[in-house]
Amino acid sequence: MTNTKKTPESRDSQRGSRESQESHESHTPQKSQRPKPMEVLREARAQLAELTGMTAESVSSFEQTEEGWALEVEVLELERVPDTMSLMASYQVELDPEGQLTGYRRVRRYERGRADSRGGR
């Protein structure tokens, strides 16, 4: 059985422990910094692959925005033989400032072996 009676010594001991803990917490650096770009790229590819079930092959566009991050990711949608006939897709991916995926959409679908037309897409 434990003695739960609050004596002056036990209250002082608890107060000192609490003050020490609060002091330590106030000097601990905050994690409010944005993640590094490479961390964002890796995490975006992993999250998109998990959501779509498709392999994210490369990132063709990447920028930091006021709302977080915006990427365009090239994905293998349908593997064919020969490989140049495989169907690829470009997905526009949006992430929040911490690098968590907030939305994505397919913006283009094409055969791997085909170059863009002169006007871009």
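1. The nonpolar core. The largest nonpolar core has 15 residues, and those with the most contacts inside it are Leu48, Leu71, Val73, Val75, Tyr91, Val93 and Leu95. Two or more residues of this core come from each of helix H2 (37-52), strand E2 (69-78) and strand E3 (87-95). A nonpolar core is here a set of buried Ala, Val, Leu, Ile, Met, Phe, Trp, Tyr and Cys residues joined through side-chain atoms within 4.5 Å. Buried means under 20% relative accessible area, exposed over 50%, and partly exposed in between (1.4 Å probe, protein chains only). Helices (H or I, at least four residues) and strands (E, at least two) are DSSP runs numbered from the N terminus.

2. Basis of the model. This is a predicted model, in which local features need pLDDT of at least 70 and side-chain atom pairs count only at pLDDT 80 or more, whereas totals for chains, interfaces and linings use all residues. Residues are numbered from 1 along each chain as its sequence is written, and side-chain values use heavy atoms, with hydrogens and water left out.

3. Surroundings of Val75. Not counting residues up to four places away in sequence, Val75 touches Leu48, Met54, Thr55, Ala56, Glu57, Leu87, Met88, Ala89 and Tyr91. Contact means heavy atoms within 4.5 Å. Of these partners, Leu48 and Tyr91 are also named among the core residues with the most contacts.

4. Strand pairing. E2 and E3 pair in the antiparallel sense over nine bridges; two strands pair if DSSP finds at least two bridges between them. Within this pairing, Leu71 stands opposite Val93 in E3. E3 is also joined by nine bridges to strand E4 (residues 101-111), again in an antiparallel arrangement, and Ser90 has Arg108 as its bridge partner in E4. Seven of the nine residues of E3 are buried, so E3 is largely enclosed by the rest of the structure.

5. The E3-E4 hairpin. Five residues separate E3 and E4 in a hairpin, and Gly99 in the turn has a positive phi of about 95 degrees. Val107 lies in strand E4 and is partly exposed, with a relative accessible area of 33%.

6. A salt bridge is a side-chain nitrogen of Lys or Arg within 4 Å of a carboxyl oxygen of Asp or Glu. The Glu74 side chain does make a polar contact with the side chain of Tyr110 (2.5 Å). A polar contact is a pair of N or O atoms within 3.5 Å; within protein, one must be able to donate a hydrogen and the other to accept it, and residues adjacent in sequence count only if both atoms are side-chain atoms. Beyond its neighbours within four places in sequence, Glu74 is in contact with residues including Thr55, Ser58, Ser60, Ala89, Arg108 and Tyr110.

7. The whole structure holds five salt bridges. One of them joins the side chains of Arg106 and Glu77 (3.0 Å, N to O). Arg106 lies in strand E4 and Glu77 in strand E2, so the pair ties together parts that are 29 residues apart in sequence. Glu77 also meets Arg109 in a salt bridge (2.7 Å, N to O), a pair that links distant parts of the chain, with Arg109 in strand E4 and Glu77 in strand E2, 32 residues apart. Glu77 counts as buried at 17% relative accessibility, whereas Arg106 is partly exposed at 44% and Arg109 is partly exposed at 45%.

8. Glu111 and Arg114. The side chains of Arg114 and Glu111 meet in a salt bridge (3.0 Å, N to O). Salt bridges that share partners also join Glu57, Asp83 and Arg112 into one network. Glu111 is found in strand E4 and counts as buried at 17% relative accessibility, while Arg114 counts as exposed at 58%. With neighbours within four places in sequence left aside, Glu111 is in contact with Arg80, Thr84, Met85, Ser86 and Leu87.
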